[in-house]
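Work through the exercises below with the sequence and the model side by side. Try each task before reading its solution.

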Amino acid sequence: MVIEVEQLVKTYGPVRAVDGISFEVKKGEVFGMLGPNGAGKTTTVEIIEGLRQADSGRVTVLGMDVAKVPARIKQKIGIQLQAPSLLPLLTTEEILNLFGGLYEHSLPPGEVLELLSLTESRKVMVKNLSGGQQQRLSVAMAMVNDPEIAFLDEPTTGLDPQARRGLWTVIEEMSARKKTIFLTTHYMEEAERLCDRVAIIDHGKIIALGTPQELIRNHFEEKAIQFFLEPPQPQDVWRALPGVTNVAQDESETVIYSDSIPATMSAILKYAEQHDLTRELKDLHVREASLEDLFLKLTGRKIRE
Ligand code: ATP
């Protein structure tokens, strides 16, 4: 195990930001901590990185106690820093040189820029980078010391879908280099795609832990039928249909969980026909349950309100 966390607690006044969390991270895995804003992800990560102090509990990183030898650990881990935005007049190459110099061991900036697909921007000042490039540079900061564990805290927040996918590819390449990656995110599809294992966290507690497939399989025998319908129909209409186990509605979007897709599907179509709604029924499709569905099932809430 490269990270061991036992009964971690951190409070800010009345807020229990981290409320007795325990988990382990294995060497070489992409471990995801996911949960909504304010769930306690950043607090947990920063305690593991040695940047904040826990009230109680124990954290070891690479076999060392974070509370006792934080400086030794910092040499061996990569932390994603937003520092680039504080130094707008330096080029990407200069920034990596500067930060690489803070470590006993660092990679040549050219190699890190290549890994992050930033080679063409090596002489570009930070202030002139696009949002996606700036975000990739901040991830580069977590790689500059060729760390054994890289911590990426919400690396794709605020990026457009294309830039987000670009960063996913980078993370997959880092993982192929056998790096351990600790990722926090509130994007469920990101966790599902990138992570070997995830801890889902809500109100400072882990509510589910395992591989994405395992978690979905353990909680769902059913699949999801999803569609848009205007005007939305009362949920009880859908709950009464054959095979339906649960219903979630968000304005005109409806998700119906069913353990008998053919029966539910034909009942939905029949209902639409009887109520003259066939033309209003849009984007009707069946899909496997996802981590997003799991979060909803466990908490009754969507991860992003
Ligand atoms: P986000 O995705 O918004 O960053 P998060 O899951 O990373 O959320 P944290 O930033 O760890 O969550 O915050 C957890 C809780 O602790 C929140 O209620 C937050 O308001 C509170 N909190 C975090 N840092 C502090 C602080 N320095 N002082 C007071 N309260 C804090």
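**Exercise 1. The ligand shell**

Task: find which residues come nearest to the ligand.

Solution. Take a residue as near if one of its heavy atoms lies within 4 Å of the molecule. This gives 13 residues around the ligand, and Gly-38, Gly-40, Lys-41, Thr-42 and Thr-43 come nearest. Before going on, note the ground rules: this is a predicted model, where local features need pLDDT of at least 70 and side-chain atom pairs count only at pLDDT 80 or more, while totals for chains, interfaces and linings use all residues. Residues are numbered from 1 along each chain as its sequence is written, and side-chain values use heavy atoms, with hydrogens and water left out.

Next, sort the shell by class. Count Ala, Val, Leu, Ile, Met, Phe, Trp, Tyr, Cys and Pro as nonpolar, Asp, Glu, Lys and Arg as charged, and the others, Gly among them, as polar. The shell has 5 nonpolar, 5 polar and 3 charged residues.

**Exercise 2. Polar contacts and cover**

Last, assign the shell to elements. Helices (H or I, at least four residues) and strands (E, at least two) are DSSP runs, numbered from the N terminus. Strand S2 (15-25) and helix H1 (41-48) are the elements that give two or more residues to the shell. H1 has the largest share, with 3 residues.

**Exercise 3. Helix H1**

Task: decide why H1 counts as largely enclosed.

Solution. In H1, 6 of the 8 residues are buried, so the helix is largely enclosed by the rest of the structure. They are Lys-41, Thr-43, Thr-44, Val-45, Ile-47 and Ile-48. Just after H1, Gly-50 takes a positive phi of about 85°. For the protein as a whole, buried residues make up 49% of 305.

**Exercise 4. Rings and charges**

Task: classify the ring pairs Phe-23 with Phe-31 and Phe-227 with Trp-238.

Solution. Rings of Phe, Tyr and Trp (its six-membered ring) pair if their centres lie within 6.5 Å; planes under 30 degrees apart are stacked, over 60 edge-to-face, the rest tilted. The structure holds 7 such pairs. Phe-23 and Phe-31 have ring centres 5.2 Å apart and planes at 10°, so they are stacked. Both are buried. Phe-227 and Trp-238 are edge-to-face, at 5.2 Å centre to centre and 70° between the planes. That pair joins strand S11 (residues 223-229) to helix H9 (residues 235-239), with its partners 11 residues apart. Phe-227 and Trp-238 are both buried too.

Then look for a cluster: Phe-23, Phe-31, Phe-151 and Phe-182 form one.

Finish with charges over rings (NZ of Lys or CZ of Arg within 6 Å of the ring centre and within 35 degrees of the ring normal). The charged end of Arg-164 sits over Tyr-187, 3.9 Å from the ring centre. Lys-297 lies over the face of Phe-220, at 4.6 Å.

**Exercise 5. Backbone exceptions**

Task: locate the cis peptide bond that ends at Pro-231, then examine phi at Gln-7 and Glu-154.

Solution. Start from the background: most residues other than glycine have a negative phi, and most peptide bonds are trans. The bond from Glu-230 to Pro-231 is cis, with omega near 0°. Pro-231 is in the loop between S11 and H9. Gln-7 has a positive phi near 50° and is found in strand S1 (residues 3-12). Glu-154 also has a positive phi, near 50°. Glu-154 lies in the loop between strand S7 (149-153) and helix H6 (161-176), and is buried at a relative accessible area of 17%.

Notes:
Buried means under 20% relative accessible area, exposed over 50%, partly exposed in between (1.4 Å probe, protein chains only).
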